[in-house]
Amino acid sequence: MNQVAIIGRLVCDPLRVVTSGGTEITQFSIAVDDGKDVTSFYDCKAFGKTAELVAQYKRKGEQVGVSGRLKQERWEKDGQKRSAVRIIAEQVTFIGAKAEGKPFAEAAAAAGFKSDDDIPF
């Protein structure tokens, strides 16, 4: 089983990238406070419509819930092997969200969703 669910605040504005194949990827980091004066930071990636909405409506400091799976990425840089464990966000919940001054339901409708059932997170 490979599942993770956390709630935290965005460390910086999400970074949206569209690959040459047309896939949308949004990378973001969240800070999670464990309630004991320890803060952990997690790198996340979202794909597709979820990636588009996170990039469009969330900003630094805003709170989100992220559920998904862990993935270890490996690469080599300057002859050094490197790796990182990231959260692949399958769902992102906007917590207490306002998007550009609008309640989230209005922002989702403006993005083309017809009802809450259509929202992919």
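1. Contact here means heavy atoms within 4.5 Å. By that criterion, and not counting residues up to four places away in sequence, phenylalanine 28 touches Leu10, Pro14, Tyr42, Asp43, Cys44, Ala46, Val54, Val66, Ala89 and Val92.

2. This is a predicted model, in which local features need pLDDT of at least 70, side-chain atom pairs count only at pLDDT 80 or more, and totals for chains, interfaces and linings use all residues. Residues are numbered from 1 along each chain as its sequence is written, and side-chain values use heavy atoms, with hydrogens and water left out.

3. A nonpolar core is a set of buried Ala, Val, Leu, Ile, Met, Phe, Trp, Tyr and Cys residues joined through side-chain atoms within 4.5 Å. The largest has 18 residues, of which Ile6, Phe28, Ile30, Val66 and Val92 touch the most other members. Two or more residues each come from β1, β3 (24-33), β4 (39-47), α1 (48-57), β5 (63-77) and β6 (80-94); helices (H or I, at least four residues) and strands (E, at least two) are DSSP runs, numbered from the N terminus.

4. Alanine 5 belongs to strand β1 (residues 4-10). It counts as exposed because its relative accessibility is 63% (buried is under 20% relative accessible area, exposed over 50%, partly exposed in between; 1.4 Å probe, protein chains only). Leaving aside neighbours within four places in sequence, alanine 5 is in contact with Val66 and Ser67.

5. The search of the whole structure finds zero disulfides (pairs of cysteine sulfur atoms within 2.5 Å). Cysteine 44 is buried, at 2% relative accessible area, whereas cysteine 12 is partly exposed, at 36%.
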